[in-house]
Amino acid sequence: MILTRRSFLATGAAATLLPGLAAGQSTDASYLLTGATVLAMDGTPARAADVRLTGRTITDVGIALDPQGAEVIDLSGCLLIPGFVDTHWHMWNTIARGMGQTEFGGFAASMKPLSAAWTPEAAALSVRLALAEAWAAGITTVNNWAHNTKSVEFAQAELQAMREGGIRGRFSYGYPQALRPGERMDFAALESFAAAFGEDPLLHLGLCTRGPDRSDEAIWTEEWQRARALSLPITSHIASDRKGGALGNIRKMADGGYLGPDVQIVHATHATDADLKILAETGTPISISPWTEMEVGYGIPPVARMAASGVPMGLSVDNMVLAGNADMFAIMKVTADLAAGQTETQGIVKDAQVLDWATAGGAATLGLSDVGLIAPGMAADLVAVRIDRENTRPAGTPEFMLTHAAHPGNVDTVFCAGVLRKRAGQVVGMDVAGLAAEADEMIQGLIQRSR
């Protein structure tokens with residue numbers, strides 16, 4: 001069955017999400033944001049400035065801009081920053097929050113029966129719930145790592161939820177969780193999906209693979225070749241745990257020409273210094289998710305060594321099964337402080353560096369050059385964080401405030417592609433309570449079917 005918009009909506013699965021644009025908005029709306037302190041992330045100090053948005057783009061940044069033709073939003077008491085970028089998020093299993101340890105055992109054992117019971121509707125609902133968290137937390141770009149794509153219908157359902165939700169980023173088409181190391185993914189389905197993907201101003205297509213750590217050489221190398229034939233960026237979990245690190249696959253990938261800016265390595269918790277040097281020299285980015293890497297038992301991500309290597313980096317919430325929430329502020333804090341703890345050197349990785357990984361640097365790892373800065377011509381993805389709250393004022397620097405003091409509750413306003421997603425502390429265009437109730441019912445049904 002092909003999930004057209006009509007048939008998908010007929011299921012009732014999209015009832016709690018309004019279309020991609022919030023009510024009454026259009027793609028050519030104009031806003032003038034006034035009163036905020038602007039941290040442009042271009043190396044200049046934070047300053048008071050107005051920011052004008054027209055359609056999906058920032059069109060002007062300056063003092064006392066002309067408000068003619070624009071809706072004026074007063075952001076006094078806020079720090080305005082680019083939207084956060086999550087570089088690796090398994091959005092499909094969001095409604096299984098907290099089920100990383102059950103009577104079946106740990107993460108893999110607990111998710112195995114649930115993954116088998118999963119449906120396209122459950123995948124789409126999970127994406128919508130993830131989007132509600134993204135808007136609440138100021139995340140405006142994601143790499144949706146869809147690694148339970150049991151059929152093309154699963155991919156269609158997740159992509160449609162992303163498009164209707166209005167998020168920016170990448171949809172990384174994946175494979176069924178039950179696929180064995182020697183089994184091929186359905187390339188015909190991938191190719192038909194890629195052919196039908198079409199032009200999209202916000203989303204691009206990628207491929208998530210099991211890679212050399214989790215599949216046979218003939219399998220993963222074919223996946224790489226197929227992806228590159230389709231001009232798809234590739235992402236894979238490599239050297240995640242100690243066993244994976246011991247395989248030495250980063251060197252093998254480099255020797256075979258399987259690394260480069262079109263490849264994203266996820267976790268790399270047990271990458272050696274030599275591995276990191278290879279990734280830096282080939283321009284192959286890493287995505288780390290410190291909370292889940294520690295919780296699932298992979299180990300402690302070597303943030304200081306990664307930073308010292310110069311490898312391009314991005315940050316990730318990974319999944320709600322383990323992480324519990326989509327809090328990029330907490331991810332930045334643990335990232336910075338792990339580096340200090342590992343080296344016993346305060347500030348070995350600067351707050352500004354970690355903030356860059358969560359914004360412009362993270363966007364660059366996904367091949368996005370117009371995301372992560374506040375400047376004319378850049379994407380109108382903006383987050384206003386309140387700096388007049390008990391936990392955010394006073395703060396020594398804006399970078400410290402963002403990486404160590406603030407939390408999602410301080411996010412006042414969010415724009416993605418010029419569309420309001422959160423205003424005055426409230427998510428716009430979503431029935432969050434209804435969405436949560438639907439998720440409660442859906443996960444209970446999946447649990448029953450998986451037992």
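I began with Pro312, which counts as partly exposed because its relative accessibility is 30%, and the cut-offs put buried under 20% and exposed over 50%. I keep in mind that this is a predicted model. Pro312 sits in the loop that links helix H12 (303–309) with strand E15 (313–315). Leaving aside residues up to four places away in sequence, I found Pro312 touching Gly283, Thr284, Pro285, Ile286 and Thr365. I also checked Pro312 against Phe84: the two are 228 residues apart in sequence, and their C-alpha atoms are 16 Å apart in space.

Next I looked at helix H14 (residues 328–343) and helix H17 (residues 398–405), which pack with their axes 7 Å apart at an angle of about 100°. I therefore noted H14 and H17 as roughly perpendicular to each other. On the H14 side, the contact uses Phe329, Met332, Lys333, Ala336 and Asp337, while H17 brings Leu402, Thr403 and His404. Sorted by class, I get 4 nonpolar, 2 polar and 2 charged residues in the contact of H14 with H17.

Last, I traced an open sheet of 4 strands, ordered E5-E4-E1-E6, with mixed pairing. Its edge strands, E5 (57–62) and E6 (71–74), each pair on one side only. From one strand to the next, I read an average twist of 20°. How many bridges join E4 to E5? I found 5 between E4 (residues 50–54) and E5, and these two strands run antiparallel. Asp50 stands opposite Gly62 in E5.

Definitions and conventions. Residues are numbered from 1 along each chain as its sequence is written. This is a predicted model: local features need pLDDT of at least 70, side-chain atom pairs count only at pLDDT 80 or more; totals for chains, interfaces and linings use all residues. Side-chain values use heavy atoms; hydrogens and water are left out. Two strands pair if DSSP finds at least two bridges between them. Axes are lines fitted to C-alpha atoms, for helices over the stretch in contact, and angles run from 0 to 180 degrees between N-to-C directions. Angles under 35 degrees count as roughly parallel, over 145 as roughly antiparallel, 65 to 115 as roughly perpendicular and the rest as oblique. Contact means heavy atoms within 4.5 Å. Ala, Val, Leu, Ile, Met, Phe, Trp, Tyr, Cys and Pro count as nonpolar, Asp, Glu, Lys and Arg as charged, and the others, Gly among them, as polar. Buried means under 20% relative accessible area, exposed over 50%, partly exposed in between (1.4 Å probe, protein chains only).
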